[in-house]
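Hello,

Here is the structure you asked about. Have a look at it, then read my notes below.

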Amino acid sequence: MSGARVFERLAETFGKRLRNDCPYLLEEPLTISCLNVDQAIGNPVPFTDFALQRGEERLVEAAFRGAKGQAFTSSPSSWQGTVADLLDLPPENDRNRAFFTAGVNAVGRHLGWGEKTVHCRDASPKRCGETMGKHLAGELGPGERVALVGYQPAILGGLAAALGSGRVCVLDLNPENIGRTVSGATVLDGEKDLPAVASRCDLALATGSALTNGTIDSILEAFGGKRVIFFGTTIAVPAALLGFERFCFESE
């Protein structure tokens, strides 16, 4: 699928399906709250530098008819309204895109359109990273390389352990992460170095937060016809609706 205007395609797909299949839900209430670190991820030992822990991002959580859906954002806040109000939110900034995406995840979870919409906690991120590394090691050919698009310490550690750090490139947008060497891999600039990394890697493992931070189009375009797998809860239901591949081994 082309990366052009992915968020707009999500809004169109979700809105059309909802209005056609479940119009009775449009006036139902939806609430979105901002989670603190403990609520969002607990104590993900031994890691201390998740974006959530460092305060770079927060999780917002939508609640709808007992179902929960989450999304990462750098502009945390709260929101309440109807499902119809959610559909009318302009996707002009990170905050609104996160509200919309969390709502899609909660409503979609309720309707069975997707699963695993709640972030893993405590020891689970470490297990996820180990599983991710072993899984991809079994799928990649000898010498093939993976680009981790979006620094995530547990996944980076799992990939490096399973593949060797020489077969892992990692990109991030946070200036505080760029230039750091973690698990034997140096974090590169997620904007400047994206084309070069895409040209030399065979597969991209990209954060689902790209949907809310506005970078998903450029990631898909950079990797062209290569395999792109998204990870995380932000893109849970959106991936199912749009046909993207997604791995998220420990989420609920």
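Strand β9 (residues 203–207) is mostly covered, with five of its five residues buried. Keep in mind that this is a predicted model.

Which way do the residues of β9 point? Leu-203, Leu-205 and Thr-207 point one way. Ala-204 and Ala-206 point the other way, and all are buried.

Now look at the strands paired with β9. Strand β5 (residues 146–149) is joined to β9 by four bridges, and the two run parallel. Here Ala-147 stands opposite Ala-204. Five bridges join β9 to β10, and these strands also run parallel. In that pairing, Ala-204 stands opposite Val-228.

**The nonpolar cores**

The largest nonpolar core has 52 residues. Which of them touch the most other members? They are Phe-14, Leu-18, Ile-216, Phe-223 and Phe-244. Helix α5 (residues 94–111) gives the largest share of this core, seven residues.

Leu-18 is worth a click. What does Leu-18 touch, not counting residues up to four places away in sequence? The list is Pro-23, Leu-25, Leu-26, Val-83, Leu-87, Val-107, Leu-111 and Trp-113.

**Salt bridges**

How many salt bridges are there? The count comes to 11.

Start with Arg-227 and Glu-139. Their side chains meet in a salt bridge at 2.7 Å, N to O. This pair links distant parts of the chain: Arg-227 is in strand β10 (residues 227–231), Glu-139 is in helix α6, and they are 88 residues apart. Arg-227 is partly exposed, at 29% relative accessible area. Glu-139 is partly exposed too, at 38%.

Next come Arg-127 and Glu-250, whose side chains meet in a salt bridge at 3.5 Å, N to O. Arg-127 lies in helix α6 (residues 124–139) and Glu-250 in the segment after β11 (245–247), so the pair ties together parts that are 123 residues apart in sequence. Arg-127 counts as partly exposed, with 40% relative accessibility. Glu-250 has 23% and also counts as partly exposed.

Asp-122 is partly exposed, with a relative accessible area of 33%. Arg-121 is partly exposed as well, at 31%. Salt bridges that share partners join Asp-38, Arg-121 and Asp-122 into one network.

**A buried loop residue**

Last, find Asn-177. This residue lies in the loop between β6 (168–172) and β7 (181–182). Is Asn-177 buried or exposed? Its relative accessible area is 2%, and buried means under 20%, so Asn-177 is buried. Which residues is Asn-177 in contact with, leaving aside neighbours within four places in sequence? They are Arg-54, Glu-56, Tyr-151, Asp-172 and Val-187.

Best wishes

Definitions and conventions:
Residues are numbered from 1 along each chain as its sequence is written. This is a predicted model: local features need pLDDT of at least 70, side-chain atom pairs count only at pLDDT 80 or more; totals for chains, interfaces and linings use all residues. Side-chain values use heavy atoms; hydrogens and water are left out. A nonpolar core is a set of buried Ala, Val, Leu, Ile, Met, Phe, Trp, Tyr and Cys residues joined through side-chain atoms within 4.5 Å. Buried means under 20% relative accessible area, exposed over 50%, partly exposed in between (1.4 Å probe, protein chains only). Contact means heavy atoms within 4.5 Å. A salt bridge is a side-chain nitrogen of Lys or Arg within 4 Å of a carboxyl oxygen of Asp or Glu. Two strands pair if DSSP finds at least two bridges between them.
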